[in-house]
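Student: I've got a new model on my screen and I'd like to learn how to read it. Can we start with a helix?

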Amino acid sequence: MLRHLQYKIKSTGPITVAEYMKEVLTNPAKGYYVHRDMLGEKGDFITSPEISQIFGELLGIWFINEWMAAGKTSIFQLVELGPGRGTLTGDILRVFSQLGSVLRHSDISIHLVEVSQKLSEIQAMTLTEKVLLEQNAGSSVYKKGVTKTRIPISWYRDLQDVPKGYSFYLAHEFFDVLPVHKFQKTPGWREVLIDIDPQVSDKLRFVLAPCATPAEAFIQMDETRDHVEVCPDAGVIIQELSQRISFTGGAALIADYCHDGTKTDTFRGFCGHKLHDVLIAPGTADLTADVDFSYLRRMTQRKVASLGPIKQQTFFNMGIDVRLKVLLDNSDEPSARQQLLQGYDMLMNPKKMGERFNFFALVPHQRFPYESHQVNTHKSRKSKSSPTPVAGFDELVWR
């Protein structure tokens with residue numbers, strides 16, 4: 001990968017951080033995500049669904065709550081962007097199966113957006129019966145089958161290929177790996193680029209663009225920070241989600257490491273569960289940048305209502321303690337009980353993921369039919385005409 005990047009830079013000049021991330025993570029031949037399983041203890045990082053089943057179960061309850069609040073449509077799609085190993089979708093499907101009496105009149109289908117061939121294979125093993133799997137490399141639906149709970153499931157490389165219709169969209173640690181452009185105030189704005197170090201031929205370095213670049217158009221006129229990261233790809237996806245939800249209903253739930261337009265330099269790498277220099281040995285480590293939820297909110301263009309960000313610890317107060325008690329009461333194995341408690345601590349402890357991980361939701365404006373922008377739960381519980389609170393977000397101001 002380093003040789004490929006060096007050739008590219010020698011041919012066309014320094015490249016943007018966004019182009020660097022895209023090549024390193026998703027290059028069809030050598031991209032970090034394309035041909036490896038990087039999740040879990042043996043990989044480079046671990047995600048919430050791998051830590052505790054409760055994470056996915058509560059998200060399953062959240063989607064059912066929103067489906068019921070919208071009037072229990074007869075058809076709905078669950079769409080996950082970047083599904084990892086399929087663990088999260090599997091936990092959600094278990095909830096759907098357990099609440100089959102509630103969902104029995106609804107035609108459900110699963111749609112996974114995944115660019116990694118390796119991860120799609122792992123997802124298929126996790127979620128489907130092998131003998132039912134079909135593959136079509138040339139189609140927009142490159143893989144399809146039936147889940148172990150007899151629900152149709154399909155794989156796509158792009159959200160645009162997913163059929164439009166009443167859908168719930170889930171993006172868990174998806175936006176943080178999308179390519180970002182980085183800018184430094186000097187005092188005018190200059191984009192941060194990546195070049196070959198003239199002193200060491202096999203080493204890369206950061207440089208500032210000598211003049212304005214097209215991506216500077218994404219910087220807000222009233223920006224006060226001296227260093228900014230912008231992700232145009234995230235904006236495009238949010239616009240697509242907003243358009244779909246405003247036309248056909250549903251909701252989107254986004255969970256990620258984030259900020260609300262306050263942080264500056266968050267670009268970092270992870271290898272073997274440790275921080276890794278982003279410019280060393282490209283292609284061997286994960287690259288990530290915290291998601292700017294204020295930017296995502298702007299990109300909705302007010303087509304939908306946005307909720308959050310809200311810290312994971314607060315979001316999961318909607319039922320995590322009750323679910324933990326049920327699982328502990330049903331477990332006789334000391335090791336299993338210890339694992340449940342450790343997983344709970346990892347998810348809820350403010351010093352771990354409780355405050356670092358945040359949730360953000362997109363819902364139709366019809367979800368809040370009254371004029372006031374304030375979701376006041378005390379008033380809504382007294383009024384028969386007020387909508388059902390959005391679980392996890394019911395004390396927030398929607399924007």
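This is a predicted model: local features need pLDDT of at least 70, side-chain atom pairs count only at pLDDT 80 or more; totals for chains, interfaces and linings use all residues.

Student: What span should the 15 residues of helix α12 have?

Tutor: Helix α12 covers residues 334-348, so at 1.5 Å a residue it should span 21 Å. Its end C-alpha atoms are 21 Å apart, which agrees.

Student: Which residues of α12 are buried?

Tutor: Buried means under 20% relative accessible area. In α12 that gives Leu340, Gly343, Leu347 and Met348. Looking down the axis of α12, you'd find these buried residues within an arc of 115°, so they line one face of the helix. Pro334 and Ser335, on the other side of α12, are exposed.

Student: What covers the buried residues of α12?

Tutor: The cover includes α3 (48-51) and α4 (53-69), along with α10 (312-315), α11 (320-329) and α13 (350-354).

Student: Now a strand. Which way do the residues of β11 point?

Tutor: In β11 (residues 227-230), His227 and Glu229 point one way, while Val228 and Val230 point the other way. All of them are buried.

Student: How many bridges join β8 to β11?

Tutor: There are 4, and the two strands run antiparallel; β8 is residues 181-185. Find histidine 181 and you'll see valine 230 of β11 opposite.

Student: And the whole chain?

Tutor: The protein chain has 14 helices and 18 strands. Of its 399 residues, 53% are buried.

Technical notes. Residues are numbered from 1 along each chain as its sequence is written. Side-chain values use heavy atoms; hydrogens and water are left out. The expected span of a helix is 1.5 Å times one less than its number of residues. Buried means under 20% relative accessible area, exposed over 50%, partly exposed in between (1.4 Å probe, protein chains only). The arc is that of the directions from the helix axis to the C-beta atoms. Contact means heavy atoms within 4.5 Å. Two strands pair if DSSP finds at least two bridges between them.
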